[in-house]
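Hi,

Here is the model I said I would pass on.

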Amino acid sequence: MKKMNMSALTGFLCCFGAIITGIATNGGIRTILNFIHIPSMLVTFGGAFFAVMITSESFGEFADGLKSFSAAMSHQTQNLDDIANQIYEMAVISRKDGLLALEEYSMKIENPYMQKGIRLTVDGTDPELVKDILETDLLHTSENNRRRVTFWENLGAYAPAWGMVGTLLGLINMMKSMGADPGSVGLGMSLALITTLYGSVLANWVCIPIAEKLKRSSTLQELEMELIMEGVLSIQAGDNPMIIKEKIRTFRSDWEEQGQKAA
C-alpha cells in the first residue's frame, strides 16, 4: 500500500521555500518575476527532457520515468513486521491444516507478490516453477526500478549542461547587440545566466534527490520481495514454523543492514 512520505514531501517543499526566500530577501517579493523567463525555461527544461527522451527505449518508458516522481514521494514498501507475521501465521496454518487451508487466508493478503506466491502454492504448482515465477517477477521489478533511477540520473546530468547551452546562446545574442546598445549588456547577461540557474536548480532540487530516493526504496523493495519468496518456498516445503521464524530473523538482520547501507 502506498502512503505519502511526509519527510520527502516536506524536504521537497522546503527546498522550494529556501529558493523563494533567498530571492525575496534580496530585493523584495516582486524580484521573483525577474527569475521567470520562458525562452530560458524552454531551452533548459525542454533540452534536458528531450535529451532523456532520446535515451529512452519508448515513449512508455519515458512516461514511466516521469510518473516515478510520485513513487519517490510515497512509501513503496510494506511494514517488515507485518510481512514477517503473515509468513509465520501462514506457516502455522499450513503445518496444522495443510496448504489448502491458506486459500482463504490469501484473500486477506494485501501484498500482490506474496498473494501470488501463496496462490501458486495452494494450486499445487511445482516448487521449482513457483521459484522461477517469483524470481522472474523480482528481476522484472529490479529492472524497472533501475530504469527509473537511470531516468532521473540522466536528467540530473543533462540539466546543468543544457543550462550552459542556454547561457552561451544568451551571451552570443548579447555580444551581437553590445555595440549598438551598450546599456543592454547588464540585462543580456542577467537573462543569459538564468538558464544556468534553471539547470542547477532542476538537477540539485529535483533530479539528484529523486534518483537517490528511488535508489534507496528500490533496494528495500527488492529485499522485501526476497524475504517473501524465501517465506513462500519454506511454507511450500513444509518447514517447521519455528525454523521459518528463525530464517526470517536472520533475513531481517541482513535486510536492516542493507537498508542502512542504502540510506
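How many helices and strands are there in the protein chain? There are nine helices and two strands, where helices (H or I, at least four residues) and strands (E, at least two) are DSSP runs numbered from the N terminus. Going from the N terminus, the order is β-α-α-α-β-α-α-α-α-α-α.

Before the details, some housekeeping. This is a predicted model, so local features need pLDDT of at least 70 and side-chain atom pairs count only at pLDDT 80 or more, while totals for chains, interfaces and linings use all residues. Residues are numbered from 1 along each chain as its sequence is written, and side-chain values use heavy atoms, with hydrogens and water left out.

On the whole chain: of its 263 residues, 37% are buried (under 20% relative accessible area; exposed is over 50% and partly exposed in between, with a 1.4 Å probe and protein chains only). Taking contacts (heavy atoms within 4.5 Å) with a separation of 6 or more, 78% are between residues 24 or more positions apart. The accessible surface is about 14,900 Å², and carbon and sulfur atoms own 61% of that (Shrake-Rupley method, 1.4 Å probe; for residues, only the protein chains shown count as cover).

Ser-40 sits in helix α2 (residues 38–55). Ser-40 is buried at 5% relative accessible area, and leaving aside residues up to four places away in sequence, Ser-40 touches Leu-191, Ile-194, Thr-195 and Tyr-198.

Now the salt bridges (a side-chain nitrogen of Lys or Arg within 4 Å of a carboxyl oxygen of Asp or Glu). The whole structure has six. Glu-143, Arg-146 and Arg-147 form a network of them: Arg-146 meets Glu-143 at 2.4 Å, N to O, and the closest N and O atoms of Glu-143 and Arg-147 are 3.9 Å apart. Arg-146 is partly exposed at 43%, as is Glu-143 at 32%.

Another bridge joins Glu-153 and Lys-215, with 3.2 Å between the closest N and O atoms. Glu-153 is in helix α7 and Lys-215 in helix α8 (residues 185–236), so this pair ties together parts 62 residues apart in sequence. Glu-153 is partly exposed at 36%, and Lys-215 is partly exposed at 34%.

Cheers
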